[in-house]
Structure formats: C-alpha cells, structure tokens
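Take a moment to look over the model below.

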Amino acid sequence: MQLKNSTVLITGGTSGIGLELVKQLTEQGARIIVTGRNINALSETKRKFPGIHTFQSDVSHPQDIEQLYKDVTSRFPDLNILINNAGLMRLIDLQDTTLDLENINREIATNLSGTIRMVHQFLPHLKNQKSAAIINVSSGIAFMPYTVAPVYSATKAGVHAYTQALRLQLEDTVVKVFEMIPPGVNTNLQNDWVMPVNPKQMMDADKMVRIAIKRLLNDKKELRPFLIGVIKMASRIMPNALIRFGHREFKKFKTLHTNNQK
Ligand SMILES: NC(=O)c1ccc[n+]([C@@H]2O[C@H](COP(=O)([O-])OP(=O)(O)OC[C@H]3O[C@@H](n4cnc5c(N)ncnc54)[C@H](OP(=O)(O)O)[C@@H]3O)[C@@H](O)[C@H]2O)c1
C-alpha cells in the first residue's frame, strides 16, 4: 500500500498507538486527519504535529460519525485510508452489579460498533478512490480471551472476524483490508486499571507502529509482530492452557478490586 501522498483518517489519534501512527505516517509523507473525544488532547496533538487536521468525534455516537463523514469528505475528497484505532479496555468482574446495562457495553460501542459504523459510513467514499485501504486495529487478545477483560476480549475477537469477512467481501474492489494486531503495548490504555501492568512485558508503541507500517508498505494483510504469530499458533495448539494462564490475572484483579470497594 502506498502511503506517500495518501490521506489518512485515524480514529483515536491523540494517544498511544494512534499518536505514533500520526508521527510515523507523517514521516512517510501522508496527509493526516485525527479524531478523538477530548478537545485538549486534540489541540495538544495539533501543537505537536501542526500539519495535521483534527476533528472532535466519538466513534460510539452514530451522529458524530455522520457529521465527521460530511466534514472530512467535503474538506478532504482524496481521503483514501481509514484506520479504526479508537478503543478502550477495562478490567471487569462480570459479577459486579454496580455496572449498569449501558456501562457494561462501553467497549462494544467503541471498539466493535464504532469500527463497523465507521466502515459502513466511509466505504462508499473509499470505493471511489484510485486506491484505498481500511485498517482495523484488533489485538492478540482476539485469539486468546483475557478473562480479566471479558467484554474487551469479545470486541477484539469480533473485530478480527469482521475484518476477515470485510476483506473477502471487498476483494473485487480497490479497497484493501488490513488488520493491525498489537500485543501488549505501553500506552494510556491501562492508565485507569487498579492492577498495574509491567512495562517491561510490553512493546513500545514506536516499535509496534514501525513493524505495522513496514508490513503495510509490503501489502501484508496482518500488521503484527512475530510474537502475535506465536500466540496465534499457541491458541490453536493449546487454547485452554493459554486462557488459564491469563486467568491468573483475574484472580489478582478480583482481590484488588474487592479491597478497593471496601
Ligand atoms: N495498548 C495495548 O496494549 C493494545 C494492545 C492491543 C490492541 N490495542 C488497541 O490499540 C488501539 C489504540 O489503543 P492505545 O493502546 O493506543 O490506547 P490509548 O493510548 O488509550 O489511546 C486511545 C485513543 O482512542 C481515543 N478514543 C477512546 N475512545 C474513543 C471514542 N469513543 N471515540 C473516539 N476516540 C476514542 C482516545 O482519545 P479520547 O479519550 O480523547 O477520545 C485515544 O486517542 C485500541 O483499539 C486498542 O484496543 C492496544
């Protein structure tokens, strides 16, 4: 996929992997449009990268997506790459009755429905370009449910399945479909967690994005580091062992969470 002179829309481009995409895609000579909910974070991103364009937009709100589509395609008719990166991840005890029915679904509204709605809204526009791409960001967790983040795990497995279907449905169009599959990456995603993560076990966002861009330039459909290949393989050979291994984290979380609520 050619990146130079492409026009790229990145959802959630104000932090972590999205912000690193802004940096490295700018270096590749792409024109960048960034969304996010927090206006201060958007201004700060614009301050760091004055050449980019920012729009306040929440992917979990369909009206925001409609408005974004109107604003972006009227100002940037050359838009040809959509990166569905916006996401959130919470640790959830499914027996926690303090979470109401709206709240329990938040990851689905953003990570999964947000991705599907963005594609649905922008696809007709992308199909009219000379060359175009959709990049959906899933996770290694798509192959290995992480029991401490059950709703997040469901969304990422969903994004993976949806992306595979989308790729085949679009195979006769100009729109190429890619899936970025990060492992654990040092970002703000885990900031609110009661259970601290070990940064040494995480990949740096610049490294993850460097690998993703290299693979994107070479038209590899999965933008992922080697470790994800290992996880995919292990998830086929010993799925239960892998889930059980991750489940130890839920037990730690449950203790911390219960103590926190006292
Ligand atoms: N970090 C990891 O370990 C890891 C691993 C695998 C996959 N991923 C995936 O990578 C993607 C990026 O995550 P990250 O780690 O870079 O997290 P991050 O540092 O927390 O960044 C998330 C970005 O998404 C935006 N965002 C959140 N909810 C949004 C919404 N409803 N509408 C629009 N923008 C929204 C945030 O800005 P606002 O809050 O201002 O909206 C922010 O710019 C996510 O899809 C995540 O699931 C991350």
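What follows is a short tour of this structure. It is a predicted model, in which local features need pLDDT of at least 70 and side-chain atom pairs count only at pLDDT 80 or more, while totals for chains, interfaces and linings use all residues. Residues are numbered from 1 along each chain as its sequence is written.

Start with helix α6, residues 205-217. Helices (H or I, at least four residues) and strands (E, at least two) are DSSP runs, numbered from the N terminus. Helix α6 has 13 residues and spans 18 Å from first C-alpha to last. That is close to the 18 Å expected at 1.5 Å a residue; the expected span is 1.5 Å times one less than the number of residues.

Which residues of α6 are buried? They are A205, M208, V209, A212, I213 and L216. A residue is buried if 20 or more other C-beta atoms lie within 10 Å of its own, exposed if 12 or fewer, and partly exposed in between; C-beta atoms are placed from the backbone.

Now turn to the core. In soluble globular proteins, nonpolar side chains tend to be buried together. Here the largest nonpolar core has 60 residues, and V8 and I32 touch the most other members. Such a core is a set of buried Ala, Val, Leu, Ile, Met, Phe, Trp, Tyr and Cys residues joined through C-beta atoms within 7 Å. Helix α6 gives the most to this core, with 6 residues.

Two residues deserve a look at their backbone. Most residues other than glycine have a negative phi. N5, in the segment before β1 (7-10), has a positive phi of about 70°. D219, in the loop between α6 and β9, has a positive phi near 60°. N5 counts as exposed because it has 11 C-beta neighbours inside 10 Å. D219 also counts as exposed, with 11 C-beta neighbours inside 10 Å.
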